[in-house]
Every structure is written in structure tokens, then in C-alpha cells.
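User: Hi! I have a two-chain complex here and would enjoy talking through it with you. Could we take it one question at a time?

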Amino acid sequence: MKDIGPIFRALTRNKLGAMLIALQIALTLAIVTNAAYIISERAENIARPSGLDEANTALFITNLFDSNVDQRQLYRDDLDAIRSIPGVLAASPAQSIPISGSGWGEDLYNDPEMPSNESINFGNFMVDEHGLETFGLELVAGRNFRPEEVKVRSFDDMDLPDNLIVSQALADELFPDGDALDKTVWDEPNGERPMRIIGIYDHMQNAWPTSSNVNNTALLPSIAMFGGQMMYVVRSEPGQLQTVMTAVEEYLAGNRSRIVDIVRSYEEQKRRTYSGDIAMVKLLSVVIATLAGVTGLGIVGLAWFSVTQRQKQIGTRRALGATRKDIIGYFMVENWLITTAGLAIGLVGTLALNWFLDTQYEVGRVPLWYLPLGVVALWTLGLVAVLLPARRAANIPPALATRSV
Amino acid sequence: MFSYYVRLALASMKRTPVLSALMILALGLGIGAFMTTFTVYYLMSGDPIPHKSGVLYAVQLDNWDPNEPPTESAKDVQPQLTYRDGQNLMNADTPAKRQAQMYATNVVVVPEGDDPPFDESVRATYQTFFDMFDVPFLYGQPWTDLDDEGHASVAILGREMNDQLFNGENSVGRSIRLDDNYFEIVGVIDDWQPMPRFYHSDWSRAFADAEQIFIPFSRAVDGPMGPSGNTNCWKPMDDSLPAIEGFLQSECVWTQFWAELETPEQAAAYKDYLDNYVREQKEIGRFERPLNTFISNVPEWMEVMEVVRNDNRVLTRLSFLFFLVCVLNTVGLLMAKFLGKGGEVALRRAMGASRGAVFSQNLVEVGLIGLLGGLVGTVLAWLGLRAVENLYRGYQHLVQLDPVMLATAVCLATLAAIIAGLYPVWRVSQLPPAGLLKTQ
């Protein structure tokens, strides 16, 4: 480190080159830190568990276009047939599935007097008595639905079922004292449409990944017959999803009064819903990687040039007794000084950029511990980039000093 | 002289191939990244109907729950209308030149012959839709007023659908089966793809294809063909009515509503009309919130609907900074390159070249590097756009590299390189020839 003095003085003689690299480092730190933060936010969002047995679940949507078919009977026949397919663990009718972007949001009241703006929003999932097992939910209190409790809901009969099973999160929000089981809740204000909570399951997300109450969900024992669209959720034995999907699709397509619109594994559905976030993660990762490459190569290029320029001085230093290590050390320290100056500006730049992105586009605040990580990463990048030109400098023979003068 | 400078530039680039390649690559990457994100942003924020976007207005009425927080701007109000308010406006004598209520529904199309049935999105609307939005017709014409009033089973097909079902022949007078009903075809529209699809632009639909089947609103409601888009409700439906009637008379919003207002005076008169309508409705106990009506023309509506997403803006800003890094990088490399050329420059100066000549000769070299960087950038932008198309769903019609963007990319790169090169080139042209020649 005793060389810092002369290195610094030498630097001041090529201010522009050093400033350019420093600025580049500063901008790189600002971009990389913010991009990394956005990536981790999105990745965290995507990784949240939906509550389902994701790897072994698929959904099927069919569209019935012959109004002469008895839809209620078709539901029974379909479910019997699907449940008898080998490898099927459970199957249920449904009108929505978590994190699909499409579903029913409704409000619940824990008190007939509760005003409408205080009602508690939840994602309504209409299933039959196999719903709990099909969605892979664990009952933490109470009981499952009985077959006779499942109601058919259609344009002719909008009656709600008499009971429901709620997620732990919804139970806690409705009854913060923890005594939600067996309580009555209302689907509408003024004590209309009561339902009883007969069970509580651990966790399931609603249909909208960005909603603030994504964990408020409930199963309602009902079969939806609003138009010809019919949806089934099927859970397979572990590892058998592909075979089961093929068999179920083949069965469903056998009926000529309907078309099979969607046959989709749950994982695929989740990828589709999160496609914007996944795209953001991938694009920003490419940005970080290329940016590191460009900045690194820029350092290599400039250092290489400065080695060429200083060939004679390097030769002279070697002739005067400097070791190869001394020469490498010189370039490393020089680069470290420039990088560090850049990083100092970059820290301010990172916070400024984050402030701008957050106030304008609501990306959130970068946690401060990201900053030292970014600094260490760019120090490393700078040192690695300068290594090659530095070694080239070290290989300049001392004899060069005596030549060509 | 210029071609001589170009030859000199090529020779000079060959002498420092690594440095030159690095500069071209850096510029190319910067341009590629920025052009990719900017193209998406530019296309998303494009005007879908340029010649009329100022006179087409989306209508909003604030019929929501009085207990909800107060309304501050159009963004706080539901973007759709109830069935009954839309119907009341359609049936009234308003100051608008044209109005159309509409919604999207899903049907199964059952082709004649052996082709398998398939699912299709249908737009239920009024005949005014076609003139209001300047929809071009290939065959036939819009259905008539009488068809709207008579709940007629008529349909208009898009060109693609007509190609698929009728091999592109004039299908006017023939019929199409939707679910288990037949509709008589009265018209076929030519290619028509407003982008973004302004007339129904929920976040998931803004870049969706225009529908390929259109039927009268009144007929679709008779169906009943339920809405396939968002339906939002805040108030319980009337239990005493049959379910469908209860839904139609409810405060649920699920229809889009547009009006064509040709002058600012007409727009003001229409806005007054809406305010009066809401006041009347307040008297029968509806619209319990403070009076809030909004009309927004197409560009304003695209803002209200936040069609350009924050993610796209973030990506555009970040990739612009990325581009800046690449330019800084190029300045540094150019400095290195040109200062290394001191000897050659000194020689040229000594042989009689003026400072200006040296300056312009080296600027040509910088421009050439920029041009090549721009070309590399264009190729990268093309690849980037293909990647974006694969990453996002529903961007298929959106992501195209048009000639304007192509030219912009190349010009931007050349310009950036020249700006980046100005200082190094000026520095090298100021070098005194004598001193440098001596050291050789």
C-alpha cells in the first residue's frame, strides 16, 4: 500500500480516463443494485406457495354448447369417470383456481350491523366434498363438507350453501380472537345470506397474486352452472400428472356436445399468471449480466491501453528492481482507487435511482444491505477485469527500458 | 475525400481490431437493449386510432358504494357501466353524434361439415360501433338500427374468421352457428387491429386481438350470453326478480360505453347531459356518492387504464442508463484509441493536413464505428423483441420492429458514437505535430 501516493499522483495526470471508468462504475452500481432488488422482489412473489399440491395438480375447462344436455347429470358422470381413472388422487368441480387471474371475489360480514366498507374480501372457490383433498389443503379445525351439503348454483337458483370452510388467514381476520369455528358470517350486509364456518384449513391463495388480501380464501360447497363453461381440478398421485392429464382429456373430448378449452398443469397456469414477473426477472438478469460484461471489458480495454502507453516506464521500473508482483500490484491498486471513487458516487446514484423508480413506478425501496453487496460485487469485477492487463504489464521485460530510446 | 477517409478509417480499425470490436459491441449492446424496451414502450403507448382519438370518449359514471373513499380522479371510478345506465343512455336523445354500449362474451363456434367446434370471443355491441371506430368493411355493411331494436340474429365476421370458415369468399347472406343458435352474416370486416385495443382495455386485454365476431348487444343479452370480462358488484342483487333480470337491473358494472363527440362544445354538452342524468337517478335513490361523471378521449383513457405498465417504463429507463454506460465505455475506448494514434496524426499534420482535415477524417472513423454499432444493435434489438414476444403473453401483434424504429436505431448509434467521439477526436487534432514526431 506504500505505493498509493505515487499511484494517485499518476492518476491525476490522466483524469479523464479515470473519470470515465469511475462514472461507468457508478452507473453500473446504480443499475445493478436496483435491478437485483426488483428481481428478488419478483422471485419472492412467484415462490409464495399457493397452498395446492402444485406439482400434481391440473385444471380442465370445457365448454358445453348443446343446451339440451342435462348439465347437472354431466357433472356427476364426468366426476365419476375422472375419479375412476388410475392415478387420480382426487377431483372436484371448480369455477376458479388460485393465482389464475380469474375468479370470484366476495365480501363477508362478521356482524349484521357491519357497514359495507368494512366487510372482509375473500376469494370464493366453489367445490364439492372432494375440494379439500383436490386442492391439497389441510384441515386445522372442524370438518369437511358432506355430499348432501353441496348446492347447485345457477341463474335459476342463486342460493348460497349453508356453510363454508375458510383459510386460517380469513378466519383470523373475521374473528381475531381465534374462535371462528362454528361462527355465522353473512355474505351481504344487514344480516342477509348467513353461512356457518364448519372448518378451517391451513393456507390457500386467491386468484389474484397482487391483491392485498391474497391469503383470504374460502371453499363453498357448490357447483356453478352459469352458462356452458365447466371446470374440473384434478390431483394425481405423485409423478403421475402427465398420464392422468392425457387420460382425462381423452375422456372429456369423447363427448361431442362440448369442446375441451383448456388442459393445463397447475405449474403451467402459475407460469402464465406470473409471466410478467418472470419476464422481468429474465430481462433484468440479462441486463445485469451484459452490463457487468460491458463494464468489465471497458476496464480491460482501458487498462490494456494504459499498459501499452507505459511500456517504457514499466520496463524502467522492472530494470530498477521492481518485481512482477509490484507491477501487478500497481495496476490493481490503481484500478481499485478508480473503482472505489466510482462506487462512492454510485452509492448516491443507487439511492437516487431507487427513489425515482419508487416514487414514479412503485418498485419499492431497496433495503440498505443491498448496497455493500453491490460494492463488493463491483470491486471483484474491477479486480478480475484488470488482472489480465496487469499480468501482461508484469511480463514486460526490464530490457525494454534500454531499447528504442 | 469522404471515401478516402472511409478507407483510412477501415485501415485504422483493422490496426486495432480488439479495441474496435469492443467499441462496436458495446454500442451495439446498448442500442440493442434500449431499442428493445423502447420499441415495446413506443408501441404500447401508440395511438390506436390516430385520426379520431380526440373525438372518441369513454364514459364513466360513479354508481359505487357510498361507504367507499371519495373519488379524486377518473382512475378511482369503475371503468365500466351498469347494463341499465348504458341502456338508458343508448335510448336517450343525447348530444353525442354516436354512442355504443358493448361487452365481450364467449361462444362455441360450430362450423359446418367436419371441422371441430372451437371457442371464440364475441363482441356484443350496436351498429354505431362500426362507423364510430371507422371499421373497414370487406363485404356487406354494418347491421341496421332495426336489427338492434329487433334483437336480430345477425353477425359480422372478421376477415380471419371469414377466411377460416368460408375460405375468404363473400359470406354475406350465409349463416354461422354460435352455441346452438344460427346468426345471419351481414358483413365481413377487413383487417382491423387497433393497438392497444382501446375500446376494452383491462390490463389483461389491452393488447389482445380484436374480436372476429360481432353481434347485436340486444340479441346477446337475450341469449343470455354472459360477460366474459370483469364483472364488478358492490350491492346485493334484487332477490325478488328472476336471476338474470336481477343481474341486469343490479349495480354491477360489466359493459363498456363509448361516445363520439365532434367538438369541445359537444363534449361539454354531453358531460352536462351525463351530470343531469345522474341527478335524475339520484332522485330515485341511486348514485348515492357525490356527483362524479367522467368522459375521457382515447389518449386520456389509455392513461386512466394504465395501458403502459410500470414494468415497461422501469425497463425503458434502466435500459437507457445501460445505453449511457455503453456510451461512456465507448468514449473511454475512443480516448485510448486516438491518443495511441498521435504519431500518425503528427505525420499527417507535418505533411500539410490542417487541424480541420484531421478532425473530420477521425470523425468519419468514429461515425463508421457508430454505424456498425447501430447495425449490431438492430440485430440485437430484433433478437430482444423475439425474446420479449416469447416472455410475455398477448404481445404477438405488439412486437414488431418497424422501419422507423430500425432507422432510429442506426441513427441513434451513429449519433451517440459521434458525440462520444467529439472530445477524443478534438484532442487528437490539437496535438502539436513537432513534439510527437521527435519522439519517434
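User: What is the distance between the end C-alpha atoms of helix α9 of chain B, and what span should its residues give?
Analyst: Happy to start there, noting that this is a predicted model. Helix α9(B) covers residues 264–283, which is 20 residues at 1.5 Å a residue.

User: How confident is the predictor in chain B, and in the complex?
Analyst: In chain B, 97% of the residues score at least 70, and the average pLDDT is 89. For the complex, the pTM is 0.87 and the ipTM is 0.87.

User: Is chain B compact or spread out when set against the globule rule?
Analyst: Chain B contains 15 helices and eleven strands. For its 440 residues the rule gives 22 Å, whereas the radius of gyration is 30 Å, so chain B is more spread out than a compact globule. The C-alpha trace spans about 105 × 55 × 35 Å along the principal axes.

User: How far apart are the centres of the two domains assigned in chain B?
Analyst: The assignment gives domain 1 as 2–45 + 309–439 and domain 2 as 56–304. Taken over C-alpha atoms, the centres of domain 1 and domain 2 of chain B are apart by 50 Å.

User: And in chain A, what separation do the domain centres have?
Analyst: Here domain 1 is made of 4–47 + 276–402, and domain 2 runs over 66–256. The C-alpha centres of these domains of chain A are separated by 55 Å.

User: What radius of gyration does chain A have?
Analyst: Chain A has eleven helices and twelve strands, and its C-alpha trace spans about 100 × 50 × 35 Å along the principal axes. A compact globule of 405 residues would come out near 22 Å, but the radius of gyration of chain A is 32 Å.

User: Is D76(B) buried, partly exposed or exposed?
Analyst: D76(B) sits in the loop between β1 (56–61) and β2 (81–82) of chain B. It has 16 other C-beta atoms within 10 Å. Buried takes 20 or more and exposed 12 or fewer, so D76(B) is partly exposed.

User: How far is D76(B) from Q193(B) in space?
Analyst: In sequence, D76(B) and Q193(B) are 117 residues apart. From C-alpha to C-alpha, the distance in space is 29 Å.

User: Which element gives the most to the side of chain A that touches chain B?
Analyst: The contact takes 50 residues from chain A and 43 residues from chain B. On the side of chain A, at least two residues each come from α2 (15–47), β12 (258–265), α8 (275–309) and α10 (324–361). With 17 residues, the element that gives the most is α8(A).

User: How many residues on that side of chain A are nonpolar?
Analyst: The residues of chain A that touch chain B include 16 polar and eight charged ones. The nonpolar residues on this side number 26.

Notes:
Residues are numbered from 1 along each chain as its sequence is written. Chains are lettered from A and ligands numbered from 1 in the order in which they are written. This is a predicted model: local features need pLDDT of at least 70, side-chain atom pairs count only at pLDDT 80 or more; totals for chains, interfaces and linings use all residues. Helices (H or I, at least four residues) and strands (E, at least two) are DSSP runs, numbered from the N terminus. Two residues are in contact if their C-beta atoms, placed from the backbone, lie within 7 Å. Ala, Val, Leu, Ile, Met, Phe, Trp, Tyr, Cys and Pro count as nonpolar, Asp, Glu, Lys and Arg as charged, and the others, Gly among them, as polar. The radius of gyration is taken over C-alpha atoms; the globule rule is 2.2 Å times the number of residues to the power 0.38. The expected span of a helix is 1.5 Å times one less than its number of residues. Domain bounds come from an automatic or database domain assignment. pLDDT is the predictor's confidence in each residue, from 0 to 100.
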